[in-house]
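Please read them beside the coordinates.

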Amino acid sequence: MTRIVALGTLSLDTVEAGGEVAREVLGGSAPYFAAAARLWAPVGVVGVVGEDFPRELLERLAGPGIHVEGIRRCPGETFRWHVRYAADGSRSTVATNRSRALAARPEVPEAWRDPKVLFLGSTDPEAQAEVLRQAGTPGLVVLDTMS
């Protein structure tokens, strides 16, 4: 059976756009990749959240085709990103806690090793390298980076 492992950030975002503000919404590369990829194969999400991450967001993410046992809850803060979008679509980061929030390393559960596809979403390159090492021998590796 084809299985996909998806590493990426799981964040609590504040998004300002068109005069509206959405606070503490589920963000990050892992949830959105998993939501799309689950249409083709089961997806095991690998990532780290802080002890402040709402359980109801994890419960909402877990569902048909998305498995969350690879999400580790660690002491400290969840990654947060506050972004402001202008009318022309450009964006500016208002605030982030990146330096404090991404200290813990994700771990690939044994049951999700040797996937057919490994998605290394936008996150710390050292975390990407560690998950690649843990994953075993995926058939295809996709790497996403940030600016």
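**Notes on the model**

1. Arg98 is placed over the face of Phe79, 5.2 Å from the ring centre. The criterion for a charge over a ring is NZ of Lys or CZ of Arg within 6 Å of the ring centre and within 35 degrees of the ring normal.

2. On conventions: this is a predicted model, in which local features need pLDDT of at least 70 and side-chain atom pairs count only at pLDDT 80 or more, while totals for chains, interfaces and linings use all residues. Residues are numbered from 1 along each chain as its sequence is written, and side-chain values use heavy atoms, with hydrogens and water left out.

3. Searching the whole structure gives one aromatic pair. Phe33 and Phe119 have ring centres 3.8 Å apart and planes at 5 degrees, so the pair is stacked. Rings of Phe, Tyr and Trp (its six-membered ring) pair if their centres lie within 6.5 Å; planes under 30 degrees apart are stacked, over 60 edge-to-face, and the rest tilted. Phe33 belongs to helix α1 (residues 29–37) and Phe119 to strand β8 (residues 117–120), so the pair ties together parts that are 86 residues apart in sequence. Helices (H or I, at least four residues) and strands (E, at least two) are DSSP runs, numbered from the N terminus.

4. Buried means under 20% relative accessible area, exposed over 50%, and partly exposed in between (1.4 Å probe, protein chains only).

5. Strand β8 is covered on both faces: Val117 and Phe119 on one side, and Leu118 and Leu120 on the other, are all buried. In a regular strand the side chains alternate between the two faces of the sheet. β8 runs parallel to β1, with four bridges joining them, and Val5 stands opposite Leu118. Four bridges also join β8 to strand β9 (residues 140–143), again in parallel; here Leu120 has Leu143 as its bridge partner. Two strands pair if DSSP finds at least two bridges between them.

6. The largest nonpolar core has 20 residues, and those with the most contacts inside it are Ile4, Leu10, Val43, Val45, Phe53 and Ile71. At least two residues of this core come from each of β1 (4–7), α1, β4 (43–50), α2 (55–61), β5 (66–74) and β8. A second, separate core of nine residues includes Val5, Val46, Leu120 and Ala135. A nonpolar core is a set of buried Ala, Val, Leu, Ile, Met, Phe, Trp, Tyr and Cys residues joined through side-chain atoms within 4.5 Å.

7. Which residues does Phe53 touch, not counting residues up to four places away in sequence? They are Ser11, Leu12, Leu26, Leu58, Arg73 and Thr78. Contact means heavy atoms within 4.5 Å.

8. A further four strands form an open sheet of mixed pairing, in the order β3-β2-β6-β7. β3 (20–27) and β7 (91–96) are the edge strands, each pairing on one side only. From one strand to the next, the twist averages 20 degrees. Strand β2 (residues 11–17) pairs with β3 in the antiparallel sense over six bridges, and Glu16 stands opposite Val21.

9. Thr93 lies in β7 and, at 47% relative accessibility, counts as partly exposed. Beyond residues up to four places away in sequence, Thr93 touches Trp81 and His82. The C-alpha atoms of Thr93 and Ala111 are 37 Å apart, although 18 residues separate them along the chain.

10. Ser29 and Ser122 are in contact. Ser29 is in helix α1 and counts as buried at 17% relative accessibility; Ser122 is in the loop between β8 and α4 (125–135) and counts as buried at 10%. Leaving aside neighbours within four places in sequence, the contacts of Ser29 include Leu7, Gly8, Thr9 and Gly121, and those of Ser122 include Thr9, Gln128, Asp144, Thr145 and Met146. The C-alpha atoms of Ser29 and Thr9, 20 residues apart along the chain, are separated by 5.4 Å.

Key: Axes fitted to C-alpha atoms, helices over the stretch in contact; angles between N-to-C directions.
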